[in-house]
Amino acid sequence: MSVLNIRGRQKLEGFLSVQGSKNGALPLMAAALLHEGTTILHNIPHILDVHFMIQILEALGCICTFEGGTLAIDASVLQGAQLPREQVGRMRSSIFLIGPLLGRCQEAVTYQPGGCSIGERPIDLHLWGLRQMNVDITEEEGTICLSTGGLTGKEMTLAFPSVGATENILMAAVKANGTTVIKNAAREPEIVQLCLCLNRMGAKIQGIGSKTLRIDGVTALHDSEWTNQGDRIAAATYLAAVAACGGEAVLHGIEASQLYSVLSVLSLSGCEVFCGTSSVCIRSLEPLRRVPYIRTSPFPGFPTDMQSPILALFSVVPGETVIEETIFENRFQVVGELGKMGAQIETDGTRARICGVRMLHGACVRARDLRGGAALVVAGLAAHGTTRIEDCSHIQRGYEDLEKRLVRLGADIRLEEETQTQSANRA
Ligand code: EPZ
(Lines give C-alpha, C1' and ligand atoms only; values in the text may rest on other atoms or scores of the structure.)
Protein backbone atom coordinates (compact mmCIF):
# COMPACT_ATOMS: atom_id res chain seq x y z
CA MET A 1 0.00 0.00 0.00
CA SER A 2 1.36 3.45 -0.80
CA VAL A 3 1.40 6.13 1.87
CA LEU A 4 2.03 9.88 1.76
CA ASN A 5 3.65 11.57 4.76
CA ILE A 6 3.23 15.35 4.92
CA ARG A 7 4.66 17.85 7.39
CA GLY A 8 2.37 20.84 7.00
CA ARG A 9 2.61 24.63 7.19
CA GLN A 10 5.25 25.08 4.50
CA LYS A 11 4.67 28.01 2.18
CA LEU A 12 4.40 26.89 -1.46
CA GLU A 13 6.35 28.93 -3.99
CA GLY A 14 7.75 28.35 -7.47
CA PHE A 15 6.92 26.97 -10.89
CA LEU A 16 5.02 23.81 -11.78
CA SER A 17 4.34 22.07 -15.09
CA VAL A 18 0.81 20.69 -15.17
CA GLN A 19 0.41 17.02 -16.17
CA GLY A 20 -1.53 15.92 -19.23
CA SER A 21 -5.24 15.54 -18.61
CA LYS A 22 -6.43 12.18 -17.26
CA ASN A 23 -10.02 12.77 -18.38
CA GLY A 24 -8.70 14.03 -21.69
CA ALA A 25 -6.32 11.13 -22.32
CA LEU A 26 -8.73 8.24 -21.62
CA PRO A 27 -11.31 9.06 -24.35
CA LEU A 28 -8.51 9.86 -26.82
CA MET A 29 -7.12 6.38 -26.19
CA ALA A 30 -10.56 4.88 -26.75
CA ALA A 31 -10.95 6.82 -30.00
CA ALA A 32 -7.82 5.14 -31.40
CA LEU A 33 -9.88 1.94 -31.71
CA LEU A 34 -11.95 3.56 -34.45
CA HIS A 35 -8.99 3.61 -36.85
CA GLU A 36 -7.32 0.56 -38.45
CA GLY A 37 -3.92 2.14 -38.06
CA THR A 38 -1.80 4.18 -35.66
CA THR A 39 -2.76 7.12 -33.48
CA ILE A 40 0.02 8.94 -31.65
CA LEU A 41 -0.89 10.87 -28.48
CA HIS A 42 1.47 13.30 -26.73
CA ASN A 43 1.37 14.70 -23.16
CA ILE A 44 -0.22 11.54 -21.78
CA PRO A 45 0.28 11.32 -17.99
CA HIS A 46 1.94 8.33 -16.31
CA ILE A 47 -0.94 7.50 -13.97
CA LEU A 48 -2.64 4.26 -13.01
CA ASP A 49 -5.80 4.87 -15.06
CA VAL A 50 -3.74 5.31 -18.24
CA HIS A 51 -1.90 2.08 -17.51
CA PHE A 52 -5.20 0.27 -16.89
CA MET A 53 -6.53 1.59 -20.21
CA ILE A 54 -3.36 0.43 -22.02
CA GLN A 55 -3.92 -3.04 -20.59
CA ILE A 56 -7.46 -3.04 -21.99
CA LEU A 57 -6.34 -1.85 -25.43
CA GLU A 58 -3.61 -4.50 -25.53
CA ALA A 59 -6.13 -7.17 -24.50
CA LEU A 60 -8.19 -6.10 -27.53
CA GLY A 61 -5.15 -6.58 -29.78
CA CYS A 62 -3.66 -3.09 -29.95
CA ILE A 63 0.11 -2.60 -29.86
CA CYS A 64 0.90 0.23 -27.44
CA THR A 65 4.26 1.91 -26.87
CA PHE A 66 4.43 4.52 -24.11
CA GLU A 67 7.68 6.48 -23.76
CA GLY A 68 8.08 9.77 -22.01
CA GLY A 69 4.62 11.28 -22.40
CA THR A 70 4.03 9.89 -25.88
CA LEU A 71 1.68 6.95 -26.40
CA ALA A 72 1.49 5.29 -29.81
CA ILE A 73 -1.52 3.02 -30.32
CA ASP A 74 -1.45 0.68 -33.32
CA ALA A 75 -5.02 -0.59 -33.66
CA SER A 76 -4.53 -2.12 -37.13
CA VAL A 77 -5.56 -5.58 -36.02
CA LEU A 78 -8.03 -6.26 -33.17
CA GLN A 79 -8.38 -9.69 -31.57
CA GLY A 80 -12.03 -9.23 -30.73
CA ALA A 81 -14.44 -6.88 -29.03
CA GLN A 82 -14.69 -8.35 -25.53
CA LEU A 83 -13.36 -6.13 -22.79
CA PRO A 84 -11.25 -7.85 -20.08
CA ARG A 85 -13.46 -8.24 -17.00
CA GLU A 86 -10.77 -7.50 -14.42
CA GLN A 87 -9.79 -4.13 -15.86
CA VAL A 88 -13.43 -3.13 -16.45
CA GLY A 89 -14.03 -3.74 -12.76
CA ARG A 90 -11.10 -1.54 -11.84
CA MET A 91 -11.90 1.33 -14.13
CA ARG A 92 -15.45 2.54 -14.73
CA SER A 93 -14.44 4.77 -17.59
CA SER A 94 -13.76 1.67 -19.69
CA ILE A 95 -17.48 1.94 -20.54
CA PHE A 96 -16.74 4.49 -23.26
CA LEU A 97 -14.81 1.86 -25.21
CA ILE A 98 -18.07 0.25 -26.38
CA GLY A 99 -18.89 3.14 -28.72
CA PRO A 100 -15.65 2.91 -30.70
CA LEU A 101 -15.80 -0.91 -30.66
CA LEU A 102 -19.27 -0.77 -32.21
CA GLY A 103 -17.99 1.70 -34.79
CA ARG A 104 -15.06 -0.57 -35.60
CA CYS A 105 -16.39 -4.13 -35.11
CA GLN A 106 -20.19 -3.68 -34.96
CA GLU A 107 -20.12 -5.51 -31.64
CA ALA A 108 -18.82 -5.21 -28.07
CA VAL A 109 -18.99 -7.21 -24.85
CA THR A 110 -18.49 -5.55 -21.48
CA TYR A 111 -19.68 -5.81 -17.91
CA GLN A 112 -21.81 -3.70 -15.62
CA PRO A 113 -19.05 -1.41 -14.33
CA GLY A 114 -20.73 -1.25 -10.95
CA GLY A 115 -20.87 1.74 -8.67
CA CYS A 116 -17.93 3.32 -7.02
CA SER A 117 -17.42 5.26 -3.84
CA ILE A 118 -18.79 8.53 -5.23
CA GLY A 119 -22.06 7.13 -6.47
CA GLU A 120 -24.00 4.40 -8.22
CA ARG A 121 -22.96 5.78 -11.61
CA PRO A 122 -25.39 3.94 -13.90
CA ILE A 123 -24.79 3.64 -17.66
CA ASP A 124 -28.43 3.90 -18.78
CA LEU A 125 -27.77 7.03 -20.87
CA HIS A 126 -24.90 5.30 -22.70
CA LEU A 127 -27.07 2.28 -23.55
CA TRP A 128 -30.13 4.41 -24.40
CA GLY A 129 -28.13 6.48 -26.91
CA LEU A 130 -26.59 3.43 -28.58
CA ARG A 131 -30.02 1.75 -28.87
CA GLN A 132 -31.19 4.84 -30.79
CA MET A 133 -28.45 3.98 -33.33
CA ASN A 134 -29.70 0.48 -34.17
CA VAL A 135 -27.66 -1.35 -31.51
CA ASP A 136 -29.15 -4.49 -29.92
CA ILE A 137 -28.17 -4.77 -26.27
CA THR A 138 -28.70 -7.76 -23.96
CA GLU A 139 -27.72 -7.81 -20.31
CA GLU A 140 -27.37 -11.12 -18.48
CA GLU A 141 -25.83 -11.65 -15.04
CA GLY A 142 -23.74 -8.52 -15.35
CA THR A 143 -22.52 -9.21 -18.88
CA ILE A 144 -23.58 -6.69 -21.52
CA CYS A 145 -23.58 -7.83 -25.17
CA LEU A 146 -23.97 -5.18 -27.87
CA SER A 147 -24.25 -5.75 -31.61
CA THR A 148 -25.50 -3.96 -34.70
CA GLY A 149 -26.23 -4.80 -38.31
CA GLY A 150 -25.06 -1.27 -39.01
CA LEU A 151 -24.83 1.82 -36.83
CA THR A 152 -27.48 4.29 -37.96
CA GLY A 153 -27.17 8.02 -37.42
CA LYS A 154 -30.01 9.48 -35.34
CA GLU A 155 -31.09 12.75 -33.74
CA MET A 156 -31.35 12.42 -29.96
CA THR A 157 -31.52 14.53 -26.82
CA LEU A 158 -29.66 13.40 -23.71
CA ALA A 159 -31.73 13.58 -20.52
CA PHE A 160 -28.57 14.80 -18.76
CA PRO A 161 -25.32 16.16 -20.29
CA SER A 162 -23.38 13.07 -19.26
CA VAL A 163 -19.68 13.34 -20.16
CA GLY A 164 -19.17 9.62 -20.72
CA ALA A 165 -22.43 9.08 -22.57
CA THR A 166 -21.65 12.01 -24.88
CA GLU A 167 -18.19 10.55 -25.58
CA ASN A 168 -19.55 7.05 -26.21
CA ILE A 169 -22.34 8.10 -28.57
CA LEU A 170 -20.08 10.59 -30.32
CA MET A 171 -17.44 7.95 -31.06
CA ALA A 172 -20.03 5.45 -32.32
CA ALA A 173 -21.52 8.17 -34.54
CA VAL A 174 -18.18 8.82 -36.26
CA LYS A 175 -18.53 5.52 -38.16
CA ALA A 176 -22.36 5.38 -38.36
CA ASN A 177 -24.35 5.47 -41.61
CA GLY A 178 -25.77 8.95 -41.96
CA THR A 179 -25.87 11.86 -39.56
CA THR A 180 -26.18 11.84 -35.77
CA VAL A 181 -27.25 14.91 -33.80
CA ILE A 182 -26.67 14.83 -30.03
CA LYS A 183 -28.65 17.52 -28.20
CA ASN A 184 -27.98 18.48 -24.58
CA ALA A 185 -24.46 17.10 -25.09
CA ALA A 186 -21.80 17.63 -22.42
CA ARG A 187 -19.50 20.60 -23.18
CA GLU A 188 -16.51 19.82 -20.96
CA PRO A 189 -13.07 20.71 -22.43
CA GLU A 190 -12.36 16.99 -22.69
CA ILE A 191 -15.32 16.65 -25.11
CA VAL A 192 -14.07 19.58 -27.19
CA GLN A 193 -10.63 18.00 -27.37
CA LEU A 194 -12.06 14.60 -28.34
CA CYS A 195 -14.05 16.18 -31.19
CA LEU A 196 -11.02 18.10 -32.46
CA CYS A 197 -8.82 15.00 -32.33
CA LEU A 198 -11.47 12.88 -34.12
CA ASN A 199 -11.75 15.52 -36.85
CA ARG A 200 -7.99 15.44 -37.26
CA MET A 201 -8.33 11.65 -37.70
CA GLY A 202 -10.85 12.29 -40.51
CA ALA A 203 -14.19 12.49 -38.72
CA LYS A 204 -16.81 15.13 -39.57
CA ILE A 205 -18.05 16.75 -36.36
CA GLN A 206 -19.70 20.18 -36.13
CA GLY A 207 -21.02 22.23 -33.21
CA ILE A 208 -17.85 21.56 -31.20
CA GLY A 209 -18.06 23.21 -27.79
CA SER A 210 -21.82 23.68 -28.03
CA LYS A 211 -24.68 21.67 -26.55
CA THR A 212 -25.56 20.27 -29.98
CA LEU A 213 -23.07 18.06 -31.79
CA ARG A 214 -23.64 17.03 -35.42
CA ILE A 215 -21.64 14.05 -36.65
CA ASP A 216 -21.68 12.97 -40.32
CA GLY A 217 -20.56 9.33 -40.43
CA VAL A 218 -17.45 8.37 -42.42
CA THR A 219 -16.17 4.98 -43.55
CA ALA A 220 -12.48 5.39 -42.79
CA LEU A 221 -10.09 7.45 -40.65
CA HIS A 222 -6.34 7.95 -41.03
CA ASP A 223 -3.13 7.97 -38.99
CA SER A 224 -2.79 11.12 -36.90
CA GLU A 225 -1.09 12.72 -33.92
CA TRP A 226 -2.58 14.77 -31.10
CA THR A 227 -1.19 16.59 -28.06
CA ASN A 228 -3.37 16.13 -24.99
CA GLN A 229 -4.42 19.24 -23.07
CA GLY A 230 -3.27 19.99 -19.53
CA ASP A 231 -5.23 18.52 -16.64
CA ARG A 232 -7.56 21.27 -15.43
CA ILE A 233 -8.49 19.40 -12.24
CA ALA A 234 -4.90 18.61 -11.30
CA ALA A 235 -4.02 22.27 -11.95
CA ALA A 236 -6.93 23.45 -9.81
CA THR A 237 -5.85 21.08 -7.03
CA TYR A 238 -2.38 22.65 -6.94
CA LEU A 239 -3.95 26.13 -6.93
CA ALA A 240 -6.09 25.12 -3.94
CA ALA A 241 -2.96 23.83 -2.17
CA VAL A 242 -1.15 27.15 -2.64
CA ALA A 243 -4.24 29.03 -1.50
CA ALA A 244 -4.47 26.87 1.63
CA CYS A 245 -0.77 27.11 2.55
CA GLY A 246 -0.05 30.66 1.44
CA GLY A 247 2.58 31.48 -1.14
CA GLU A 248 2.87 32.14 -4.85
CA ALA A 249 3.13 29.76 -7.80
CA VAL A 250 3.02 29.75 -11.60
CA LEU A 251 1.44 26.73 -13.29
CA HIS A 252 2.50 26.11 -16.90
CA GLY A 253 0.66 23.98 -19.46
CA ILE A 254 -2.92 24.84 -18.58
CA GLU A 255 -5.61 26.87 -20.40
CA ALA A 256 -7.00 29.37 -17.87
CA SER A 257 -10.32 29.43 -19.77
CA GLN A 258 -10.93 25.84 -18.61
CA LEU A 259 -10.68 26.95 -14.98
CA TYR A 260 -12.65 30.19 -14.77
CA SER A 261 -15.23 28.83 -12.33
CA VAL A 262 -12.48 27.70 -9.93
CA LEU A 263 -10.41 30.86 -10.42
CA SER A 264 -13.41 33.02 -9.57
CA VAL A 265 -13.92 31.15 -6.26
CA LEU A 266 -10.21 31.54 -5.41
CA SER A 267 -10.37 35.25 -6.29
CA LEU A 268 -13.50 35.70 -4.17
CA SER A 269 -11.62 34.14 -1.25
CA GLY A 270 -8.91 36.80 -1.57
CA CYS A 271 -6.27 35.10 -3.72
CA GLU A 272 -4.71 37.10 -6.55
CA VAL A 273 -4.96 35.19 -9.84
CA PHE A 274 -3.21 36.09 -13.11
CA CYS A 275 -3.89 34.25 -16.39
CA GLY A 276 -1.32 33.80 -19.19
CA THR A 277 -1.80 32.17 -22.61
CA SER A 278 -1.15 28.67 -21.24
CA SER A 279 -0.36 29.42 -17.61
CA VAL A 280 -1.98 30.55 -14.38
CA CYS A 281 -0.31 32.38 -11.51
CA ILE A 282 -1.74 32.45 -7.99
CA ARG A 283 -0.67 34.58 -5.04
CA SER A 284 -2.08 33.88 -1.57
CA LEU A 285 -0.34 36.23 0.85
CA GLU A 286 -3.21 37.42 3.03
CA PRO A 287 -5.64 35.49 5.25
CA LEU A 288 -8.44 34.17 3.05
CA ARG A 289 -12.12 35.12 3.23
CA ARG A 290 -14.97 32.63 3.26
CA VAL A 291 -17.06 32.14 0.11
CA PRO A 292 -20.69 31.72 1.31
CA TYR A 293 -21.98 29.27 -1.30
CA ILE A 294 -20.45 27.05 -4.01
CA ARG A 295 -22.50 24.75 -6.24
CA THR A 296 -21.12 22.11 -8.59
CA SER A 297 -22.61 21.80 -12.07
CA PRO A 298 -21.69 20.68 -15.61
CA PHE A 299 -19.10 22.78 -17.48
CA PRO A 300 -18.71 25.73 -17.46
CA GLY A 301 -20.02 25.52 -13.89
CA PHE A 302 -17.89 24.65 -10.86
CA PRO A 303 -16.48 21.15 -11.54
CA THR A 304 -17.60 18.33 -9.27
CA ASP A 305 -14.04 16.96 -9.38
CA MET A 306 -12.85 20.05 -7.51
CA GLN A 307 -15.51 19.82 -4.81
CA SER A 308 -13.42 17.76 -2.37
CA PRO A 309 -10.18 19.80 -2.71
CA ILE A 310 -12.15 23.05 -2.28
CA LEU A 311 -13.90 21.54 0.76
CA ALA A 312 -10.44 21.02 2.27
CA LEU A 313 -9.38 24.58 1.43
CA PHE A 314 -12.39 26.19 3.12
CA SER A 315 -11.95 23.97 6.15
CA VAL A 316 -9.15 26.36 7.12
CA VAL A 317 -10.89 29.61 6.19
CA PRO A 318 -12.77 31.06 9.19
CA GLY A 319 -16.50 31.54 8.60
CA GLU A 320 -19.21 29.43 7.03
CA THR A 321 -19.04 28.06 3.47
CA VAL A 322 -21.79 25.87 2.02
CA ILE A 323 -20.95 23.55 -0.86
CA GLU A 324 -23.74 21.91 -2.84
CA GLU A 325 -22.88 18.78 -4.87
CA THR A 326 -25.36 18.34 -7.72
CA ILE A 327 -23.59 15.72 -9.89
CA PHE A 328 -22.79 12.69 -7.73
CA GLU A 329 -24.86 11.42 -4.83
CA ASN A 330 -22.04 10.34 -2.51
CA ARG A 331 -19.13 12.69 -2.95
CA PHE A 332 -18.64 13.87 0.66
CA GLN A 333 -16.83 10.75 1.88
CA VAL A 334 -13.71 12.75 2.67
CA VAL A 335 -15.58 14.75 5.34
CA GLY A 336 -15.04 12.05 7.96
CA GLU A 337 -11.31 11.94 7.26
CA LEU A 338 -11.03 15.74 7.36
CA GLY A 339 -12.83 15.61 10.71
CA LYS A 340 -9.93 13.56 12.10
CA MET A 341 -7.76 16.60 11.31
CA GLY A 342 -10.06 18.98 13.18
CA ALA A 343 -12.24 20.14 10.30
CA GLN A 344 -15.78 21.14 11.26
CA ILE A 345 -18.07 20.07 8.44
CA GLU A 346 -21.67 18.88 8.55
CA THR A 347 -23.34 17.19 5.59
CA ASP A 348 -26.94 16.47 4.74
CA GLY A 349 -27.35 14.69 1.39
CA THR A 350 -26.23 17.14 -1.27
CA ARG A 351 -24.92 19.88 1.01
CA ALA A 352 -21.78 20.30 3.13
CA ARG A 353 -21.70 23.14 5.64
CA ILE A 354 -18.14 24.08 6.57
CA CYS A 355 -17.34 26.07 9.69
CA GLY A 356 -13.75 27.00 8.88
CA VAL A 357 -11.18 26.71 11.66
CA ARG A 358 -7.96 28.64 12.09
CA MET A 359 -5.79 25.52 11.97
CA LEU A 360 -6.11 21.82 11.19
CA HIS A 361 -3.82 19.31 12.90
CA GLY A 362 -2.03 16.35 11.36
CA ALA A 363 -3.57 12.88 11.66
CA CYS A 364 -3.51 9.39 10.14
CA VAL A 365 -6.19 9.37 7.43
CA ARG A 366 -7.17 7.21 4.48
CA ALA A 367 -7.94 8.08 0.86
CA ARG A 368 -11.22 6.53 -0.25
CA ASP A 369 -11.46 7.99 -3.75
CA LEU A 370 -9.31 9.97 -6.16
CA ARG A 371 -10.41 13.53 -5.43
CA GLY A 372 -11.05 12.86 -1.75
CA GLY A 373 -7.44 11.73 -1.53
CA ALA A 374 -6.33 14.96 -3.21
CA ALA A 375 -8.37 16.88 -0.65
CA LEU A 376 -6.48 15.14 2.16
CA VAL A 377 -3.20 16.27 0.57
CA VAL A 378 -4.44 19.89 0.50
CA ALA A 379 -5.50 19.58 4.15
CA GLY A 380 -2.23 17.92 5.19
CA LEU A 381 -0.17 20.64 3.54
CA ALA A 382 -2.10 23.30 5.46
CA ALA A 383 -2.23 21.43 8.79
CA HIS A 384 0.02 21.87 11.80
CA GLY A 385 2.11 18.73 12.32
CA THR A 386 2.41 15.52 10.33
CA THR A 387 -0.34 13.84 8.30
CA ARG A 388 -0.12 10.23 7.09
CA ILE A 389 -2.41 9.48 4.13
CA GLU A 390 -2.93 5.76 3.53
CA ASP A 391 -4.24 4.02 0.40
CA CYS A 392 -2.69 6.59 -1.90
CA SER A 393 -3.18 4.37 -4.93
CA HIS A 394 -6.50 6.22 -5.28
CA ILE A 395 -4.52 9.45 -5.74
CA GLN A 396 -2.01 7.82 -8.09
CA ARG A 397 -4.89 6.91 -10.41
CA GLY A 398 -5.16 10.55 -11.47
CA TYR A 399 -2.19 12.62 -10.25
CA GLU A 400 1.19 12.14 -11.91
CA ASP A 401 4.19 12.57 -9.58
CA LEU A 402 2.09 14.60 -7.15
CA GLU A 403 4.66 14.53 -4.37
CA LYS A 404 7.56 15.45 -6.68
CA ARG A 405 5.64 18.45 -8.03
CA LEU A 406 4.74 19.60 -4.51
CA VAL A 407 8.33 19.16 -3.25
CA ARG A 408 9.42 21.48 -6.08
CA LEU A 409 7.03 24.08 -4.62
CA GLY A 410 8.59 23.67 -1.18
CA ALA A 411 6.27 21.13 0.42
CA ASP A 412 7.57 18.59 2.93
CA ILE A 413 5.91 15.48 1.47
CA ARG A 414 7.23 11.93 0.97
CA LEU A 415 5.76 8.92 -0.79
CA GLU A 416 6.34 5.64 1.04
CA GLU A 417 5.66 2.42 -0.83
CA GLU A 418 4.82 -0.02 1.95
CA THR A 419 5.45 -3.74 1.29
CA GLN A 420 2.61 -6.14 1.95
CA THR A 421 4.54 -7.35 5.04
CA GLN A 422 4.87 -3.83 6.43
CA SER A 423 1.16 -3.24 5.89
CA ALA A 424 0.28 -6.56 7.51
CA ASN A 425 2.58 -5.90 10.50
CA ARG A 426 1.02 -2.46 10.99
CA ALA A 427 -2.56 -3.78 10.74
C1 EPZ B 1 -16.66 11.94 -16.08
O2 EPZ B 1 -17.30 10.82 -15.48
C3 EPZ B 1 -15.31 12.06 -15.40
N4 EPZ B 1 -14.52 10.86 -15.65
C5 EPZ B 1 -15.51 12.26 -13.91
O6 EPZ B 1 -14.22 12.45 -13.32
C7 EPZ B 1 -16.33 13.54 -13.70
O8 EPZ B 1 -16.58 13.70 -12.31
C9 EPZ B 1 -17.66 13.42 -14.45
O10 EPZ B 1 -17.41 13.15 -15.85
C11 EPZ B 1 -18.49 14.69 -14.36
O12 EPZ B 1 -17.76 15.76 -14.88
C13 EPZ B 1 -13.86 10.73 -16.83
O14 EPZ B 1 -13.93 11.59 -17.69
C15 EPZ B 1 -13.02 9.50 -17.00
P16 EPZ B 1 -21.14 11.66 -16.12
P17 EPZ B 1 -18.67 10.23 -16.09
O18 EPZ B 1 -21.58 10.59 -17.05
O19 EPZ B 1 -18.61 10.30 -17.57
C20 EPZ B 1 -25.11 10.21 -14.00
C21 EPZ B 1 -12.52 12.10 -11.75
O22 EPZ B 1 -12.46 12.33 -10.53
N23 EPZ B 1 -25.23 9.26 -15.13
O24 EPZ B 1 -21.12 13.07 -16.62
O25 EPZ B 1 -18.95 8.93 -15.47
C26 EPZ B 1 -23.97 9.82 -13.08
O27 EPZ B 1 -24.39 8.84 -12.15
C28 EPZ B 1 -13.77 11.49 -12.35
O29 EPZ B 1 -11.60 12.37 -12.57
C30 EPZ B 1 -26.41 8.52 -15.25
O31 EPZ B 1 -27.32 8.62 -14.44
O32 EPZ B 1 -19.70 11.31 -15.55
C33 EPZ B 1 -23.62 11.12 -12.42
O34 EPZ B 1 -24.51 11.33 -11.33
C35 EPZ B 1 -14.81 11.15 -11.30
N36 EPZ B 1 -26.52 7.64 -16.29
C37 EPZ B 1 -23.90 12.15 -13.50
O38 EPZ B 1 -24.74 11.50 -14.47
C39 EPZ B 1 -25.51 7.49 -17.21
O40 EPZ B 1 -25.69 6.68 -18.16
C41 EPZ B 1 -22.64 12.64 -14.22
O42 EPZ B 1 -22.02 11.53 -14.78
C43 EPZ B 1 -24.34 8.26 -17.08
C44 EPZ B 1 -24.22 9.14 -16.03
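## The open sheet

In this predicted model, four strands make an open sheet of mixed pairing, ordered S2-S14-S16-S15. Strands here are DSSP runs of E with at least two residues, and helices are runs of H or I with at least four, both numbered from the N terminus. Two strands pair if DSSP finds at least two bridges between them. Strand S2 (12-17) and strand S15 (272-275) are the edges, each pairing on one side only. From one strand to the next, the twist averages 10 degrees.

S2 and strand S14 (residues 247-252) run parallel, joined by six bridges. Within this pair, Leu16 stands opposite Leu251 of S14. Helix H8 (residues 232-245) lies across S2, S14 and strand S16 (279-284). H8 runs at about 170 degrees to S14. Such angles run from 0 to 180 degrees between N-to-C directions, with axes fitted to C-alpha atoms, for helices over the stretch in contact (heavy atoms within 4.5 Å).

## The hairpin

Strand S19 (residues 345-348) and strand S20 (residues 351-356) run antiparallel, with four bridges between them. Glu346 has Arg353 of S20 as its bridge partner. The two strands form a hairpin, with two residues between S19 and S20. Gly349 sits in the turn and has a positive phi of about 70 degrees.

## The ligand shell

The ligand is surrounded by 21 residues, each with a heavy atom within 4 Å of it. The closest are Asp124, Leu125, Ser162, Asp305 and Ile327. By class, the shell holds nine nonpolar, six polar and six charged residues. Nonpolar covers Ala, Val, Leu, Ile, Met, Phe, Trp, Tyr, Cys and Pro; charged covers Asp, Glu, Lys and Arg; the others, Gly among them, count as polar.

## Polar contacts and burial

A polar contact is a pair of N or O atoms within 3.5 Å. Asp124 places a polar side-chain atom 2.7 Å from a ligand nitrogen atom. Arg371 has a polar side-chain atom 2.8 Å from a ligand oxygen atom. For Arg331, a side-chain N or O atom is 3.2 Å from an oxygen atom of the ligand.

Taken alone, the ligand exposes 830 Å², and the protein buries 87% of that. These areas come from the Shrake-Rupley method with a 1.4 Å probe. Helix H1 (22-31), helix H5 (124-132), helix H6 (163-174) and helix H12 (370-382) each give two or more residues to the shell. H5 gives the largest share, three residues.

## Basis of the values

Residues are numbered from 1 along each chain as its sequence is written, and side-chain values use heavy atoms, leaving out hydrogens and water. Local features need pLDDT of at least 70 and side-chain atom pairs count only at pLDDT 80 or more, while totals for chains, interfaces and linings use all residues.

Conventions:
Polar contact = N/O pair within 3.5 Å; in protein donor to acceptor, adjacent residues only side chain to side chain.
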